[in-house]
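Welcome! Here is a short briefing to read alongside the sequence and the 3D view.

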Amino acid sequence: MYSKHKHLIIGGGFGGLRVAKLLANRDDIEITIVSPQANFEYHGSLYRSANGYSPLETVIPYREIFENTNIIYIQDFMVDINPQTRRVQLLSGRELSYDSITLALGYEPEYFGIPGMREFSKTLYCLADALELRKSLKSVAEINFNKSALTKVIVAGGGPTGIETAVSVKRLFELVTGDSRVDVTLVEAQSRILSSFNESISYEVENRISESVDIRCNQKVIRATKDNLYIADQSPLPFDVLIWTAGSSANGYFKQRSDIFEIDNRGRVIVNDYLMTKYDNIYVIGDSASVKYSGTAYAAIEMGSYVASHIISKIDNKHIAKFTPSSPNYAIPTGPDSAVGVNQDIVYTGSEGWEYRRKLDLDALLLITTEEIARPHWEKGENIASLLAPRD
């Protein structure tokens with residue numbers, strides 16, 4: 001009787017789940033996936049959960065995803081890896097062996113050492129963050145409802161997360177109080193928002209959101225206090241709620257184990273053309289991989305697909321081409337029901353852009369689970385959370 005190839009996956013995000021889905025139910029591979037969470041969280045919808053929509057869109061229990069598969073799921077946290085013995089140690093004290101392993105550890109918030117930012121800002125890195133932000137926004141909306149001065153919300157960071165969060169705040173205030181008036185400011189250190197995107201898309205988005213959001217570029221944040229955000233060479237900006245979306249970094253574990261992993265200046269793991277480290281049975285994918293376009297769900301899924309194909313090819317003694325990342329399609333929300341979407345050379349705007357965004361959301365979920373599981377959760381994205389019923 002032959003022994004199965006034991007593939008271990010650390011991390012239950014898009015990349016890890018894509019590997020698991022493509023390797024599942026094979027007779028020659030045993031798959032174990034380890035995640036500290038009980039649920040998959042779709043980070044692309046966190047801003048919606050923060051701004052009044054059902055969190056059921058964001059969360060899919062792993063028990064649903066792994067149902068009717070041979071995937072072994074362990075809710076635990078990886079403490080360390082030993083490449084020589086091919087074993088990992090978990091927080092529970094348990095040890096797992098592997099023949100090959102995928103490290104899909106995701107990212108962490110990065111505050112760049114800005115004093116007060118960690119203490120006085122809200123973030124959007126998990127569902128708990130989103131619900132905490134929603135609670136804060138709902139509270140200030142209610143407290144300030146009868147005041148003459150507008151509530152001030154500052155979003156620091158002009159990337160996709162910052163933009164989609166900023167443009168959704170007015171809708172939340174309208175849901176809570178029946179009044180959408182709120183002062184939303186978007187602060188960006190670069191000379192334009194979406195600085196890593198094509199300039200034409202950046203300016204298209206800016207034009208579409210500038211009426212509802214005060215956009216301030218070339219603003220270097222130097223400090224935050226309980227009530228004020230300090231910008232270099234300018235007067236402080238007072239706020240009721242400060243939201244930090246301007247920084248993320250690779251999982252800190254890799255930097256701690258620089259004896260095992262070679263890392264770049266952003267703390268990401270340098271991998272070869274096959275997404276492997278200097279050990280040919282250790283793959284690193286997703287946000288922590290030093291690969292073009294990493295940091296998006298699209299890239300994580302693409303890397304996960306490649307790793308699964310590479311493992312199968314090695315087992316079958318077949319050749320596989322090098323990994324070549326492709327430019328992702330994307331859609332940046334510009335309002336509750338509008339977006340600017342890009343599909344290769346085609347640009348969608350307004351309601352068409354929003355339909356395209358929703359399609360991208362569903363397509364991503366379908367690449368990690370079945371339609372019977374993905375679609376009901378995706379459809380929850382149209383539902384307003386009951387606790388946000390308008391005031392009488």
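Let's begin with Lys6, which counts as partly exposed at 29% relative accessibility; here buried means under 20% relative accessible area, exposed over 50%, and partly exposed in between, using a 1.4 Å probe and protein chains only. This is a predicted model, in which local features need pLDDT of at least 70 and side-chain atom pairs count only at pLDDT 80 or more, while totals for chains, interfaces and linings use all residues. Residues are numbered from 1 along each chain as its sequence is written, and side-chain values use heavy atoms, with hydrogens and water left out.

**Lys6 and its strand**

- Lys6 is found in strand β1, residues 5-10; helices (H or I, at least four residues) and strands (E, at least two) are DSSP runs, numbered from the N terminus.
- Glu30 is 24 residues from Lys6 along the chain, and the C-alpha atoms of the two are separated by 4.8 Å.
- Leaving aside neighbours within four places in sequence, Lys6 is in contact with Glu30, Ser97, Tyr98, Asp99 and Ser100, where contact means heavy atoms within 4.5 Å.

**Helix α1 and its partner α10**

- Two packed helices are described by the angle between their axes and the distance between the axes.
- The axes of α1 (residues 14-23) and α10 (residues 297-315) come within 7 Å and cross at roughly 35°; axes are lines fitted to C-alpha atoms, for helices over the stretch in contact, and angles run from 0 to 180 degrees between N-to-C directions.
- The crossing of α1 and α10 is right-handed, a term for a near helix turned clockwise from the far one by less than a right angle, with anticlockwise giving left-handed.
- From α1, the residues Phe14, Gly15, Arg18, Val19, Leu22 and Leu23 meet α10 at Ala297, Ala300, Ile301, Gly304, Ser305, Val307, Ala308, Ile311 and Ile312.
- The residues of this contact divide into 11 nonpolar, three polar and one charged; Ala, Val, Leu, Ile, Met, Phe, Trp, Tyr, Cys and Pro count as nonpolar, Asp, Glu, Lys and Arg as charged, and the others, Gly among them, as polar.
- Eight of the 10 residues of α1 are buried, so the helix is mostly covered.
- Among the buried residues of α1 are Phe14, Leu17, Arg18 and Leu23.

**Positive phi values**

- Arg86 is not a glycine, yet its phi is positive at about 55°. Arg86 lies in the loop between β6 (78-82) and β7 (87-90) and is partly exposed, with a relative accessible area of 36%.
- Leu275, also a residue other than glycine, has a positive phi near 65°. Leu275 lies in the loop between α9 (252-256) and β19 (282-284) and is buried, with a relative accessible area of 1%.

**Ser54 in its loop**

- Where does Ser54 lie? Ser54 is in the loop between α2 (46-50) and β4 (59-61).
- Ser54 is buried, with a relative accessible area of 8%.
- A polar atom of the Ser54 side chain lies 3.1 Å from the backbone nitrogen of Leu56.
- Apart from neighbours within four places in sequence, Ser54 is in contact with Ser49, Lys380, Asn383 and Ala385.

**Cysteines**

- The structure holds zero disulfides, a disulfide being a pair of cysteine sulfur atoms within 2.5 Å.
- Cys126 counts as partly exposed at 25% relative accessibility, and Cys217 is buried, with a relative accessible area of 18%.

How values were computed. A polar contact is a pair of N or O atoms within 3.5 Å; within protein, one must be able to donate a hydrogen and the other to accept it, and residues adjacent in sequence count only if both atoms are side-chain atoms.
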